[in-house]
Amino acid sequence: IGIAHHKVIHLIAQYEGITMSQLLAKLKVTKQSLNRVIKDLLKLQIISFKKDKTFTRGPKYKKSWPEY
């Protein structure tokens with residue numbers, strides 16, 4: 001994983017339940033590049049996502065590791 005992956009992990013850890021559009025606004029990257037990073041992190045099971053029943057515009061991302 002690279003710098004982009006670490007930035008996304010940091011933001012998801014800091015803002016639990018952040019959406020894709022919020023990540024795009026904070027990182028100021030294209031949707032295509034963020035999607036690649038998100039797909040890599042989901043494949044490695046570092047993050048997870050859940051679709052909200054009330055907010056249907058997109059999934060909310062959460063970290064997959066426990067708090068210590």
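Trainee: What should I know before I start?
Mentor: The model is predicted, so local features need pLDDT of at least 70, side-chain atom pairs count only at pLDDT 80 or more, and totals for chains, interfaces and linings use all residues. Residues are numbered from 1 along each chain as its sequence is written, and side-chain values use heavy atoms, with hydrogens and water left out.

Trainee: How many helices and strands does the protein have, and in which order do they run?
Mentor: Take the terms first. Helices (H or I, at least four residues) and strands (E, at least two) are DSSP runs, numbered from the N terminus. Here there are three helices and three strands. From the N terminus, the order is α-β-α-α-β-β.

Trainee: What part of the protein counts as buried?
Mentor: Buried means under 20% relative accessible area, exposed over 50%, and partly exposed in between (1.4 Å probe, protein chains only). By that rule, 29% of the 68 residues are buried. Accessible areas come from the Shrake-Rupley method with a 1.4 Å probe; for residues, only the protein chains shown count as cover. The protein exposes about 5,200 Å². Carbon and sulfur atoms supply 55% of that area.

Trainee: How do I check the span of helix α3?
Mentor: Compare expected with modelled. The expected span is 1.5 Å times one less than the number of residues. Helix α3 covers residues 31–43, 13 residues, and should span 18 Å. Its end C-alpha atoms are 18 Å apart, which agrees.

Trainee: And what is the span of α1?
Mentor: α1 has twelve residues. From first C-alpha to last it reaches 16 Å, close to the 16 Å expected.

Trainee: Which residues are buried in α2?
Mentor: M20, L23 and L24. Seen down the axis of α2, they fall within an arc of 100 degrees, so they line one face of the helix.

Trainee: Which are buried in α1?
Mentor: H5, V8, I9, L11 and I12. Their arc is only 165 degrees, which puts them on the same side of α1.

Trainee: How do I read a nonpolar core?
Mentor: In soluble globular proteins, nonpolar side chains tend to be buried together. A nonpolar core is a set of buried Ala, Val, Leu, Ile, Met, Phe, Trp, Tyr and Cys residues joined through side-chain atoms within 4.5 Å. The largest one here has 15 residues, and L23 and I38 have the most contacts inside it. The elements that give two or more residues to this core are α1 (3–14), α2 and α3.

Trainee: What is I38 in contact with?
Mentor: Contact means heavy atoms within 4.5 Å. Leave aside neighbours within four places in sequence. I38 then touches V8, M20, L23, I47 and Y61. As for the protein, among contacts between residues at least 6 apart in sequence, 46% join residues at least 24 apart.

Trainee: How far apart are S33 and A4?
Mentor: In sequence, 29 residues; in space, 9.0 Å, C-alpha to C-alpha. S33 sits in helix α3. It is partly exposed, at 29% relative accessible area.

Trainee: How many salt bridges are there?
Mentor: Side chains of opposite charge can pair when their charged atoms come close. The test is a side-chain nitrogen of Lys or Arg within 4 Å of a carboxyl oxygen of Asp or Glu. The structure holds one. D40 pairs with R36, the closest N and O atoms being 3.8 Å apart. Both lie in helix α3, four residues apart, about one turn of the helix. D40 is partly exposed at 27% relative accessibility. R36 is partly exposed too, at 45%.

Terms used
Arc of directions from axis to C-beta.
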